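This briefing walks through one protein structure, topic by topic, for a reader who is new to looking at such models. Please keep the sequence and the picture at hand while reading.

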Amino acid sequence: MIRSKIVATGSGIPEKVVTNFDLEKIVDTSDEWISQRTGIKERRVVIDETAADLATTAANEIIEKSGIDPLDIDMIIVSTCSPDYLTPNVACVVQNNIGAKNAACVDVSAACAGFTFALSVADKYVISGAKKCVLVLASEIISKFTNWEDRSTCVLFGDAAGGVLLVPEENDEGGLICEEIGSKGEGWEVLGNGGLPISNAFNGHEKIKPEDTYVFMDGREVFKFATGKLRESIDNVLEMAKMDKEEVTWVVPHQANIRIIEVVAKKVGIPMDKFYLNIERFGNTSSASIPVALNEMAEKGLLKKGDNIVLSGFGGGLCWGTILVKWC
Ligand code: COA
């Protein structure tokens, strides 16, 4: 049986660190409020880098670690909800930057759940045999869509990119085992960014203002959705795999809020020390949070052959995705 296997990870992290104390100088907030309500202490923010720049850094790291020739990459999928342009997609710019001339390039948009969706799409190409070497990236520069005067949202997010290289695994040693992805469009107004009102020569509407594109969020609704759905989705995937929760080595959750993760851990019945956390240092980097965490884990030597790793994300749309990976 052919499965998709992750052969390398990488990330692209902006250098600029913005601490909670830095935010105290911009908006009416405090390190205490942010730390207690979210678990975030600092985040990274781009200065001049683009989403494509961060994704390219992650891609180059993956190329270096895997030793792959960029010409062998036959597909690039980038998850982003904060792209540089509506078109061209981020993936095409990355393709040009890394010289992956033989790749088909597409972006996937499922907000903070986007990496799980991108991985799911890539997996289908790999297991069908249609593609043999797929670069799956997530790159987000939410700071570009942030209203830096709105304390209820600007303290939450950070910028980053991460990704993996996916190839076929034919020896039944592991890889992507099973998944659940899903969406609940009736909740589309609960969380989003980048809204562009219709403004053209015929309707007399005002020109688009920067505030039209800002992040919007009903924090309490998101909290309720996330804690309920992640639990359900992790349970469903473990049931599909006929796996007991005791067999799970790691859960790599979307790093949105430590309190969401704590509630999910309790509901699912997996101890918190199996949840990999880096939210304190990066905040919510949207769809980049899972691959950035995975890359840190790989670099720390935490991922061992045979480990059962649950990747689980949620976000605007509303969307969610959980993927079980047996590391090999
Ligand atoms: N600093 C200080 N005070 C703040 C603040 C900030 N950054 N942001 C909001 N507040 C204030 C509010 O104005 C409110 O004040 P009031 O009681 O005087 O009206 C108070 O804190 C409580 O606000 P509330 O929104 O009820 O807080 P909360 O406990 O629900 O926490 C979130 C807010 C955003 C941390 C929480 O709802 C959450 O994490 N939701 C999920 C968000 C998320 O993960 N989004 C991304 C998903 S991908």
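Predicted model: local features only at pLDDT ≥ 70, side-chain atom pairs only at ≥ 80, totals over all residues.

In the loop between strand 4 (75-79) and helix 4 (90-98) sits Pro 88, and the peptide bond that joins Thr 87 to Pro 88 is cis, with omega of about 5 degrees.

- Ala 111, which lies in the loop between strand 5 (104-108) and helix 5, has a positive phi of about 50 degrees even though it is not a glycine.

**A sheet and the helices across it**

- Strands of a sheet pair through backbone hydrogen bonds, and they can do so in a parallel or an antiparallel way.
- Four strands form an open sheet in the order 8-13-12-11, and the pairing in this sheet is mixed.
- At the edges are strand 8 (175-183) and strand 11 (250-253), each of which pairs on one side only, while the twist from one strand to the next averages 10 degrees.
- Strand 12 (residues 308-315) and strand 13 (residues 319-326) run antiparallel and are joined by 8 bridges; in one of the pairs, Gly 313 has Gly 321 of strand 13 as its bridge partner.
- Helix 5 (residues 114-128) lies across strand 8, strand 12 and strand 13, and its direction makes an angle of about 125 degrees with strand 8.
- Helix 10 (residues 289-299) lies across strand 11 and strand 12, running at about 140 degrees to strand 11.

**Around the ligand**

- Of the 22 residues around the ligand, those that come nearest are Thr 29, Arg 37, Arg 151, Arg 220 and Asn 257.
- The shell around the ligand is made up of 10 nonpolar, 7 polar and 5 charged residues.
- Helix 2 (31-38), helix 6 (151-154), helix 7 (219-240) and helix 8 (258-268) each supply at least two residues of this shell, and helix 7 gives the most, with 4 residues.
- A polar side-chain atom of Arg 220 lies 2.7 Å from an oxygen atom of the ligand, whereas Arg 151 places a backbone N or O atom 2.9 Å from a ligand nitrogen atom.
- In the side chain of Trp 33, an N or O atom is 3.3 Å from an oxygen atom of the ligand.
- On its own the ligand has 970 Å² of accessible area, of which the protein covers 73%.

Technical notes. Residues numbered from 1 in each chain as written. Heavy atoms only, no water. Pairing = 2+ DSSP bridges. Axes fitted to C-alpha atoms, helices over the stretch in contact; angles between N-to-C directions. Contact = heavy atoms within 4.5 Å. Near = heavy atom within 4 Å. Polar contact = N/O pair within 3.5 Å; in protein donor to acceptor, adjacent residues only side chain to side chain. Areas by Shrake-Rupley, 256 points an atom, 1.4 Å probe, with all protein chains shown as cover. Nonpolar A, V, L, I, M, F, W, Y, C, P; charged D, E, K, R; others polar.
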